[in-house]
Amino acid sequence: MRFSRLPLIVVVLCCCVAGIAATGSLAAQPAPKFVSPPAKAEVKLGDADVTIDYCAPSIHGRTIFGGLVPYGEVWRTGANAATTLKTGTNLQIGTLAVPAGTYTLYSLPTADGWTLIVNKQTGQWGTVYDKAQDLGRVPMSTGSNSVPVETFVIDFEKTMGSATELHLKWAGVDASVQVNAVK
């Protein structure tokens, strides 16, 4: 009994044609870039470094606060993996004493104000939140941006010596809190 290779050839050709139609070529396509790329905020307070590693989502025409980020629910303060604060010195964030070390930052936005959450659990995905691991919570001042911020930004402003302001900016919101290095 003879077997024909024609059906096999037809299947291979169909797969090639489907691949060309779907991708425009048979060449490997580049890996997609992060939708929310990694970002970093850094400041030197006295002789110590303070860094925040996060992923920066963009608006992409969406309603952010009260929409994508619901009011009254803990937010990962960025995208993807949990936002990480590393400090080489003890800090006073608002009214909260934060010993030198590594922490996760969450926030609790509401229509009336924001709260920054410093959490002792680290290394988790951003949506994994354990309230029992909170080091503490501090209220943030909220203002508005003169122009909506398309891509989420965490930064330090008005840094002088051992003092700075931590800002979370996205869409029309600028939430901030005072940060001081303490001995």
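How many of the 183 residues of the protein chain count as buried? In this predicted model, the share is 39%. The accessible surface of the protein chain comes to about 10,400 Å², and carbon and sulfur atoms hold 59% of that area.

Let's begin with the overall layout. The protein chain has one helix and nine strands, and from the N terminus the elements follow the order α-β-β-β-β-β-β-β-β-β. If we take contacts between residues at least 6 apart in sequence, 53% of them join residues at least 24 apart.

In soluble globular proteins, nonpolar side chains tend to be buried together. Here, the largest nonpolar core has 36 residues, and Ile 52, Phe 65 and Ile 93 touch the most other members. Strands E1 (38-45), E2, E4 (90-93), E5 (96-98), E6 (101-110), E7 (113-119), E8 and E9 each supply at least two residues of this core. The biggest giver is E9, with nine residues.

**Aromatic pairs**

The whole structure holds nine aromatic pairs. One of them is Tyr 54 with Phe 152, an edge-to-face pair at 5.6 Å centre to centre, with 80° between the planes. Because Tyr 54 lies in strand E2 (residues 48-55) and Phe 152 in strand E8 (residues 134-160), this pair ties together parts that are 98 residues apart in sequence. Both Tyr 54 and Phe 152 are buried. Trp 75 and Trp 170 make a stacked pair, 5.8 Å centre to centre and with 10° between the planes. Trp 75 sits in the loop between E2 and strand E3 (83-87), while Trp 170 belongs to strand E9 (residues 163-182), so the pair connects parts 95 residues apart in sequence. Trp 75 and Trp 170 are also both buried.

**A buried asparagine**

A polar atom of the Asn 145 side chain lies 3.1 Å from the backbone oxygen of Ala 171. Beyond neighbours within four places in sequence, Asn 145 is in contact with Lys 169, Trp 170, Ala 171, Gly 172, Val 173 and Asp 174.

**Salt bridges**

The count of salt bridges comes to five, and the table shows some of them.

| Salt bridge | N to O distance |
|---|---|
| Lys 40 with Asp 53 | 3.3 Å |
| Asp 134 with Arg 137 | 3.2 Å |
| Asp 155 with Lys 169 | 3.7 Å |

The bridge between Lys 40 and Asp 53 links strand E1 to strand E2, its partners being 13 residues apart. Lys 40 is partly exposed at 46% relative accessible area, and Asp 53 is partly exposed at 23%. In the pair of Asp 134 and Arg 137, Asp 134 is buried at 15%, whereas Arg 137 is partly exposed at 34%.

The bridge of Asp 155 with Lys 169 joins strand E8 to strand E9, across 14 residues. Lys 169 counts as buried, with 16% relative accessibility. Through shared partners, salt bridges bring Asp 155, Glu 157 and Lys 169 into one network.

Key:
Residues are numbered from 1 along each chain as its sequence is written. This is a predicted model: local features need pLDDT of at least 70, side-chain atom pairs count only at pLDDT 80 or more; totals for chains, interfaces and linings use all residues. Side-chain values use heavy atoms; hydrogens and water are left out. Helices (H or I, at least four residues) and strands (E, at least two) are DSSP runs, numbered from the N terminus. Buried means under 20% relative accessible area, exposed over 50%, partly exposed in between (1.4 Å probe, protein chains only). Contact means heavy atoms within 4.5 Å. Accessible areas come from the Shrake-Rupley method with a 1.4 Å probe; for residues, only the protein chains shown count as cover. Rings of Phe, Tyr and Trp (its six-membered ring) pair if their centres lie within 6.5 Å; planes under 30 degrees apart count as stacked, over 60 as edge-to-face and the rest as tilted. A polar contact is a pair of N or O atoms within 3.5 Å; within protein, one must be able to donate a hydrogen and the other to accept it, and residues adjacent in sequence count only if both atoms are side-chain atoms. A nonpolar core is a set of buried Ala, Val, Leu, Ile, Met, Phe, Trp, Tyr and Cys residues joined through side-chain atoms within 4.5 Å. A salt bridge is a side-chain nitrogen of Lys or Arg within 4 Å of a carboxyl oxygen of Asp or Glu.
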